[in-house]
Amino acid sequence: MPISRRALAATAVAALVMPLSACGSGSDDGGSSDASGKVEGNITFQTWNLRANFKSYFEGVIADFEKQYPGTHVKWVDQPAEGYPDKISADAAGGTLPDVVNVSPDLVAPLAKAGFALDLDKSAAKYKKEYLDGAWASHQIPGMTGTYAFPWYLNTGPLFYNKSLFKEAGLDPDQPPKTYDELFTDALELAKKSDGKVATLANVPTVEDFGRYGVELMNKAGDGFAFNDAKGVELLTKYKELYDAKALDPQALTATPESSGKKFLTGAVAMNPGSALDLGNFKKQAPNLYKNIGITDQITSTGHVNMYVMGLMVNAQTKKKPAAIAFAHWVTDATHQMSFAKKVAIFPSTAGSLDDPYFTKEDGTDETRVRIAAAKSLKNAVNYTPVLFSDQMKTALRNEVAKALQGKESPKDALDNAVKACDTLLKQQG
């Protein structure tokens, strides 16, 4: 799957991407982790819902690899998006896990803990310098040493803002907020000047917001969450202030990316994440908004925006380790990532690739305008979502945030309860 549906839904950048859309101790038990042997033999490569749109691309990548390394044969299997995590778990348990597997960081964590993911810091360290630091680090697991997948493609979404709403509130339309402190100040001003008719945001804070605010999300040992610290409480308290002032949309508790987008379209919300496809939509449906659209980076107080990342994991049990590592590197090297990025709205994780004119040179189109804005922010982006943070944990956090915003619990109690629930779920992961 391209960027995970969960990640995309969280930031409403779904339109940017075509619909590509048991615990034990970690060990490399599949023989030596040395990858210096001859690249030869048959391996299986598994992708996540990519065959329908990219069949010829992957067939070409595989054919070129087999030509480069005579004596190799790559069998490509593609699994549907639905049930993919369960399929991987079943294959790992049954000893049928492919040699190279398309994963997201949350999927690689249980596999690494159970000894199924090869530690690339041991087996492929020579390639590390080819990738962006934040991308390479995204498949590291708290509480473990090592990196457990090659970074593949990235995504992120810029923020759109309505310049005319900023201007009407007496704010500089060419100086949108960059940090959370600036955001809170501007949001309260926008709400005040519009008598509560214009909210700045339409979404409640997620774990990525806590990360971008500078909150420590997990303890150093990686066995417990920590976003209920003073800084976390401070962020949620600020959001409660926005909610009370109607600077956070009253329907944010039940908002979907679609409903948030509609609020932005009608001028009821001043800022919203989006994509190039949204710009085209604005041009047709809201020409006044389109004329006054501003594009800026995600709000962050750390200087680093959030990235979503996909990776290729090498099965630690593979009998053809040199070939599996060589192929995973082949698919994720700069040449192949650039060619893939030109077929779909994703971004390469390889160092230097984002300096290519494709990601830096304007050509007057909306698509390029958004691509350039996103690419610029990705160079030093990080994946804030903890790799151990499951969907159930996201729900637990969202429920407690809602209670705090509604005044049913204090921000401190709400985050204490969320951390307690997430820690319980973490222990159940094994």
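Reader: At roughly what angle do the axes of helix 12 and helix 17 cross?

Author: The model is a predicted one, in which local features need pLDDT of at least 70 and side-chain atom pairs count only at pLDDT 80 or more, while totals for chains, interfaces and linings use all residues. Residues are numbered from 1 along each chain as its sequence is written, and side-chain values use heavy atoms, with hydrogens and water left out. Helices (DSSP runs of H or I, at least four residues) and strands (E, at least two) are numbered from the N terminus. Axes are lines fitted to C-alpha atoms, for helices over the stretch in contact, with angles from 0 to 180 degrees between N-to-C directions. The axes of helix 12 (residues 276-285) and helix 17 (residues 366-378) come within 8 Å, and they cross at roughly 140°.

Reader: Why are helix 12 and helix 17 described as they are, and what is the term?

Author: Angles under 35 degrees count as roughly parallel, over 145 as roughly antiparallel, 65 to 115 as roughly perpendicular and the rest as oblique. The crossing is at roughly 140°. Helix 12 and helix 17 are therefore oblique.

Reader: Which residues of helix 12 and helix 17 make the contact?

Author: Contact means heavy atoms within 4.5 Å. On helix 17 the contact is made by Asp366, Glu367 and Val370, and on helix 12 by Ala276, Leu279, Gly280 and Lys283.

Reader: In what order do the six strands of the open sheet lie?

Author: Two strands pair if DSSP finds at least two bridges between them. The pairing in this open sheet is mixed, and its six strands follow the order 2-1-3-8-4-9.

Reader: Which are the edge strands?

Author: An edge strand here pairs on one side only. The two are strand 2 (72-79) and strand 9 (347-348).

Reader: How many bridges join strand 1 to strand 2, and what is the bridge partner of Trp48?

Author: Strand 1 (residues 41-48) and strand 2 run parallel, joined by eight bridges. In strand 2, the partner of Trp48 is Gln79.

Reader: Which helix packs on the sheet, touching strand 1 and strand 2?

Author: This helix also touches strand 3 (100-103), strand 4 (150-155) and strand 8 (308-314). Its direction makes about 25° with that of strand 4, and the element is helix 14 (residues 321-332).

Reader: Within what distance do the axes of helix 14 and helix 15 come?

Author: Helix 15 comprises residues 334-341, and its axis crosses that of helix 14 at roughly 45°. The two helices are therefore oblique to each other. Their axes come within 5 Å.
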